[in-house]
Amino acid sequence: MSNVKDSIFLKSLRGEPCDRTPIWIMRQAGRYLPEYQEVRSRLSFTELCHTPEAACEVTLQPIRRFGFDAAIMFSDILTLLEPMGAPFDFSQGGPKLERPLRSEKEIDSLQTYDAQDGTHFVAEAIKLMKQGLGDKTPLIGFAGSPFTLATYLIEGGGSKNYENLKTMLYSRPELLTRLMDKLTDQTIDYLNMQVDAGVDAVQLFDTWGGILHPADYATVILPCVKRIMDSLKDKGVPRIYFLKGSAPYLDLVTTLDVEALGMDWTMDMAKSLPLMKGYAVQGNLDPLALFGTEDQIRDRALDICREGSKAPGHVFNLGHGILPQAPISAVETLVETVQGFRKGL
Ligand code: 1CP
């Protein structure tokens, strides 16, 4: 009988030898898939995240269609904020918060909660997803990093220059720290709840952690990421830290006790791997490369597979999430190429 612990995804993250390179892609469940659009025509994004059966269905869709080597639970990094008192509205495309949190009073109004209660629908969804996936395909749980969550809370949505967050950083750093500490506590409870519900690995998404000077990254962000990752150490699941734009911070992120580090497409594997010794890596094809020709997709994917095979473990991924306009045929080419790659060939 097969066991999900023997999957090539988990083996790669543990740095064990594998027959081939596993692949999944960030945002693999989502708007580029017609079957996802079909579910979304019936449910809003928020309803989808709150309905375990529907979240399970869209989690399984890319596994059925492409045979990815891991599934990622369908939810959003902003889901954990709603029970804290900061619900986001997704109806206009990007997430929007009715009242951004900027003053001390607004930040103190955020409430931490027991993840088993406040996000019980996530635990229920994970149980359904595990049943649906069986013992072949592992399930990844995730959360946003406290800093990335803070950007959405303080700016009230996506942002170009992060002027409100940076104003707080440079004028009232203790207030930003207070917010980050609260988000860290909640994220620890949330991720531990996900592991208890059955996820096989966890990924912390730090999409906007790369906007600070490294000295500020070291004092503001790194201690929170460390506290979250350390809280999961004894849970027995691999921990992946994806920091977009992490190249200038490699000396800092390589102080973290995690199994794997994500790499975006701006990193050259050949130059970066010697600086990331001991870590499994995940990445790092430019999501926009999927708009190139089939030959280009194959060539670039194989380059990454060859370089990645020099790391203790390599999980193939895009360097960031797939775009809604990405052609399905390009994803098929990518999966076929990566799953056909054999080390040494
Ligand atoms: O209209 C729709 O159907 C909603 C679009 C959508 C989707 C499909 C959003 C809103 N979130 C998601 C799913 C999602 N988000 C997943 C599902 C699992 C998978 O990967 O398949 C995950 C892991 C996320 C994580 C997420 N949400 C991140 C971190 C990773 C990343 O891509 O950078 C971030 C920054 C968000 C915020 C968010 N949620 C949704 C949107 C459109 C955004 C981005 C807004 C922005 O660019 O600021």
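How many bridges pair β8 with strand β9, and in which sense do the two strands run, parallel or antiparallel? In this predicted model, β8 and β9 (residues 314-318) pair over 5 bridges in the parallel sense.

V281 has H314 in β9 as its bridge partner.

Within it, G262 is bridged to Q282 of β8.

## Q282 and burial

Q282 belongs to β8, which covers residues 280-285. Its relative accessible area is 2%, so Q282 is buried, the cut-off being under 20%.

Beyond four places in sequence, Q282 touches F9, W24, Q203, I240, L261, G262, M263, V315 and N317. Among them, G262 is also the bridge partner of Q282.

## P214 in helix α11

P214 sits in helix α11, which runs over residues 214-231. Buried or partly exposed? P214 has a relative accessibility of 28% and therefore counts as partly exposed.

Leaving out neighbours within four places in sequence, P214 is in contact with P248, Y249 and L252. E294 lies 80 residues from P214 in sequence. In space, the C-alpha atoms of P214 and E294 are 38 Å apart.

Methods
Residues numbered from 1 in each chain as written. Predicted model: local features only at pLDDT ≥ 70, side-chain atom pairs only at ≥ 80, totals over all residues. Heavy atoms only, no water. Helix = DSSP H or I, 4+ residues; strand = E, 2+ residues; numbered from the N terminus. Buried < 20%, exposed > 50% of the residue type's maximum accessible area, 1.4 Å probe, protein only. Contact = heavy atoms within 4.5 Å. Pairing = 2+ DSSP bridges.
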